[in-house]
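Let's take a friendly walk through this model together.

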Amino acid sequence: MEALLNFDEPVDVGILERVLHCVNESKSDQDRSKAQVVLMKFKNHPNSWRQVNTILERSSNPHTRFFALSILGDLIQFRWLEIGADQRRGIRGFLITIISNFAKDFDLLH
């Protein structure tokens with residue numbers, strides 16, 4: 001689980017999906033709690049938003065995709081002015097592309 005917190009490497013989407021599955025499906029409160037802590041650390045890391053594209057490209061799991069988009073939502077809502085103008089333009093373009101792709105192929109949402 002802790003491997004998710006290494007932001008020097010691209011996110012391992014398989015590990016992320018297993019951690020999310022643990023949060024949603026684990027019978028063990030201890031495992032669920034540990035997974036929630038890792039997810040919160042990942043989500044609150046200042047560079048987590050840089051992993052969103054990789055997560056969306058490599059995962060078809062709706063829970064994983066929602067988690068990735070919630071990272072982006074938090075960036076926009078709470079830290080938008082902390083990132084540079086070039087990065088904001090890039091994110092706008094990225095969002096336009098995502099929305100356009102979803103509009104073209106509604107099945108991507110499932």
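**Starting from helix α4**

In α4, the buried residues are Thr-64, Arg-65, Phe-67, Ala-68, Ser-70, Ile-71, Leu-72 and Leu-75. Keep in mind that this is a predicted model. An α-helix has 3.6 residues a turn, so residues three or four places apart point the same way. The partners of the buried residues of α4 are α1, α2, α3 and α5, against which they pack. The helix itself has 17 residues, and the distance from its first C-alpha to its last is 24 Å, close to the 24 Å expected at 1.5 Å a residue. At the start of α4, you can find a side-chain oxygen of Asn-61 that comes within 2.7 Å of the backbone nitrogen of His-63.

Now for the aromatic rings. How many aromatic pairs does a search of the whole structure find? There are two. One of them joins Phe-42 and Phe-67 in a tilted arrangement, with 6.0 Å centre to centre and 35 degrees between the planes. Because Phe-42 lies in helix α2 and Phe-67 in helix α4 (residues 62–78), this pair ties together parts that are 25 residues apart in sequence. Phe-42 has 0% relative accessibility and so counts as buried; Phe-67, at 8%, counts as buried too. Together with Phe-7, Phe-42 and Phe-67 make up one aromatic cluster.

Stay with Phe-42 for a moment and turn to the nonpolar residues. The largest nonpolar core has 29 residues, and Leu-4 and Phe-42 are the ones that touch the most other members. Two or more residues of this core come from each of α1 (13–25), α2, α3, α4 and α5 (85–104), and α1 gives the largest share, seven residues. If you select Leu-4 and leave aside its neighbours within four places in sequence, you will find it in contact with Val-11, Asp-12, Ile-15, Leu-16, Val-19, Val-38 and Phe-42.

Where is Ser-48 placed? Look in the loop between α2 (29–44) and α3 (52–58). Is Ser-48 buried or exposed? With a relative accessibility of 1%, Ser-48 counts as buried. A polar atom of the Ser-48 side chain lies 3.5 Å from the backbone oxygen of Phe-42. Beyond its neighbours within four places in sequence, Ser-48 is in contact with Phe-7, Phe-42, Lys-43 and Ile-71. Ile-71 brings us back to where we began, among the buried residues of α4.

Technical notes:
Residues are numbered from 1 along each chain as its sequence is written. This is a predicted model: local features need pLDDT of at least 70, side-chain atom pairs count only at pLDDT 80 or more; totals for chains, interfaces and linings use all residues. Side-chain values use heavy atoms; hydrogens and water are left out. Helices (H or I, at least four residues) and strands (E, at least two) are DSSP runs, numbered from the N terminus. Buried means under 20% relative accessible area, exposed over 50%, partly exposed in between (1.4 Å probe, protein chains only). A polar contact is a pair of N or O atoms within 3.5 Å; within protein, one must be able to donate a hydrogen and the other to accept it, and residues adjacent in sequence count only if both atoms are side-chain atoms. Contact means heavy atoms within 4.5 Å. Rings of Phe, Tyr and Trp (its six-membered ring) pair if their centres lie within 6.5 Å; planes under 30 degrees apart count as stacked, over 60 as edge-to-face and the rest as tilted. A nonpolar core is a set of buried Ala, Val, Leu, Ile, Met, Phe, Trp, Tyr and Cys residues joined through side-chain atoms within 4.5 Å. The expected span of a helix is 1.5 Å times one less than its number of residues.
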